[in-house]
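Biologist: I have a protein model here and would like to learn to read it. Could we go through it step by step?

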Amino acid sequence: AAGVTGVTGATGATGADGAIGATGASGAVGATGATGASGAAGVTGVTGATGATGADGAIGATGASGAVGATGATGASGAAGVTGVTGATGATGADGAIGATGASGAAGATGETGATGADGAIGATGASGAAGATGETGATGADGAIGATGASGATGVTGATGSVGVTSCSWVVNTTSAAVTSDAVCTTGSFAISGGCSSSGGLNLVSSTPDAVSNGASATAATGWSCTYSLPLSDVTAYALCCSTPTLDAEFDQLFE
């Protein structure tokens with residue numbers, strides 16, 4: 001077992017460093033011994049006296065200069081100085097005396113008239129002026145004399161003879177009660193050229209036609225007007241415009257074909 005650690009002696013002055021010896025050869029590593037039991041802690045020795053302070057070290061090199069600081073803001077303008085007092089106006093000087101008028105010079109002799117100069121070249125023709133405004137319209141002249149009457153033209157060809165016109169017309173009216181038909185018949189010698197129908201009950205009109213009869217030829221003529229309604233429930237009235245003619249020719253008959 002380890003022995004008891006003795007009392008630590010006072011720390012002596014630090015001796016000068018000895019020369020560093022040559023490094024010895026490394027010994028062979030011994031086998032690790034068994035860990036011995038821990039001995040009792042020895043008494044702490046007295047702390048030795050503090051050694052003398054070493055000499056001051058050399059002064060370090062001067063550090064690099066710092067960057068130039070930013071330009072400061074321009075100071076405010078100073079207040080304007082007080083305006084000085086205006087000096088007094090000087091007195092006006094006296095007017096100088098008016099000088100004497102000088103004598104008029106003698107009139108010079110009249111010079112001889114110079115020779116007439118040659119005519120200058122004719123200038124270029126100037127541009128035409130703008131067109132003037134249109135004048136007002138003159139008053140209307142008097143009417144000319146009437147010309148002589150022209151010769152009469154040749155007589156034209158005589159046209160074809162027209163059909164015989166109607167000589168007289170009158171309406172024939174016939175009313176039939178509670179019926180579906182009614183006829184308005186022209187008198188002998190007259191014929192229907194138009195006609196119409198009416199109903200007091202407002203019934204539906206089925207037909208409204210002239211009464212065509214044979215004239216003994218290929219043409220026919222209307223001797224009256226015929227009306228037909230859907231139901232026999234009211235008064236039915238037929239109207240015929242009957243006209244008389246001297247002669248019933250074929251052209252008149254064609255109105256009723």
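Biologist: Let us begin with strand E6. How many of its nine residues are buried?

Modeller: Keep in mind that this is a predicted model. A residue counts as buried under 20% relative accessible area. By that cut-off E6 is mostly covered. The number of buried residues in E6 is seven.

Biologist: And the whole protein chain? What share of its 257 residues is buried?

Modeller: The protein chain exposes about 21,100 Å². Carbon and sulfur atoms supply 55% of that area. Of the 257 residues, the buried share is 12%.

Biologist: What pattern do the helix and strands follow along the sequence?

Modeller: The protein chain has six strands and one helix. Read along the sequence, the pattern is β-β-β-β-β-β-α.

Biologist: Now the sheet. In what order do its three strands stand?

Modeller: Start with the pairs. E1 and E6 are joined by nine bridges and pair in the antiparallel sense. E3 and E6 also run antiparallel, with nine bridges between them. The open sheet therefore has the order E1-E6-E3.

Biologist: Which strands stand at the edges of that sheet?

Modeller: Look for strands with a single partner strand. Such a strand has one side left without a neighbour in the sheet. The edge strands are E1 and E3.

Biologist: Which residue is the bridge partner of Phe 191 in E6?

Modeller: Let us follow residues that face E6. Thr 176 stands opposite Val 236. Gly 196 stands opposite Tyr 239. For Phe 191, the bridge partner in E6 is Cys 243.

Biologist: Cys 243 also forms a disulfide. Which cysteine is bonded to Cys 243?

Modeller: A disulfide is a covalent bond between the sulfur atoms of two cysteines. Here the two sulfur atoms are 1.9 Å apart, within the 2.5 Å cut-off. The partner of Cys 243 is Cys 169.

Biologist: How many residues apart are Cys 169 and Cys 243?

Modeller: The link of Cys 169 and Cys 243 is right-handed, with 110° about the S-S bond. Cys 169 lies in strand E1 and Cys 243 in strand E6, so the pair links distant parts of the chain. Cys 169 and Cys 243 are 74 residues apart.

Biologist: Is Cys 169 buried or exposed, or something in between?

Modeller: Cys 243 has a relative accessible area of 0%, so Cys 243 is buried. Cys 169 has 42%, between the 20% and 50% cut-offs. Cys 169 is therefore partly exposed.

Biologist: Take Cys 186 and Cys 242 next. Is their disulfide left-handed or right-handed?

Modeller: The sulfur atoms of Cys 186 and Cys 242 are 1.9 Å apart. The torsion about their S-S bond is about -80°. So this disulfide is left-handed.

Biologist: Where does Cys 186 lie?

Modeller: Cys 242 is in strand E6, and the pair ties together parts that are 56 residues apart in sequence. Cys 186 is buried, at 9% relative accessibility. Cys 242 is buried too, at 3%. Cys 186 lies in the loop between strand E2 and strand E3.

Biologist: Which cysteine is joined to Cys 197?

Modeller: Cys 197 is in strand E3, and its partner is in strand E5, 30 residues apart. The S to S distance is 1.8 Å. With -85° about the S-S bond, the link is left-handed. The partner is Cys 227.

Biologist: What pattern do the disulfides of the protein chain follow?

Modeller: A search of the whole structure finds three disulfides. Count the bonded cysteines along the chain. The pattern is 1-6, 2-5, 3-4.

Definitions and conventions
Residues numbered from 1 in each chain as written. Predicted model: local features only at pLDDT ≥ 70, side-chain atom pairs only at ≥ 80, totals over all residues. Heavy atoms only, no water. Helix = DSSP H or I, 4+ residues; strand = E, 2+ residues; numbered from the N terminus. Buried < 20%, exposed > 50% of the residue type's maximum accessible area, 1.4 Å probe, protein only. Areas by Shrake-Rupley, 256 points an atom, 1.4 Å probe, with all protein chains shown as cover. Pairing = 2+ DSSP bridges.
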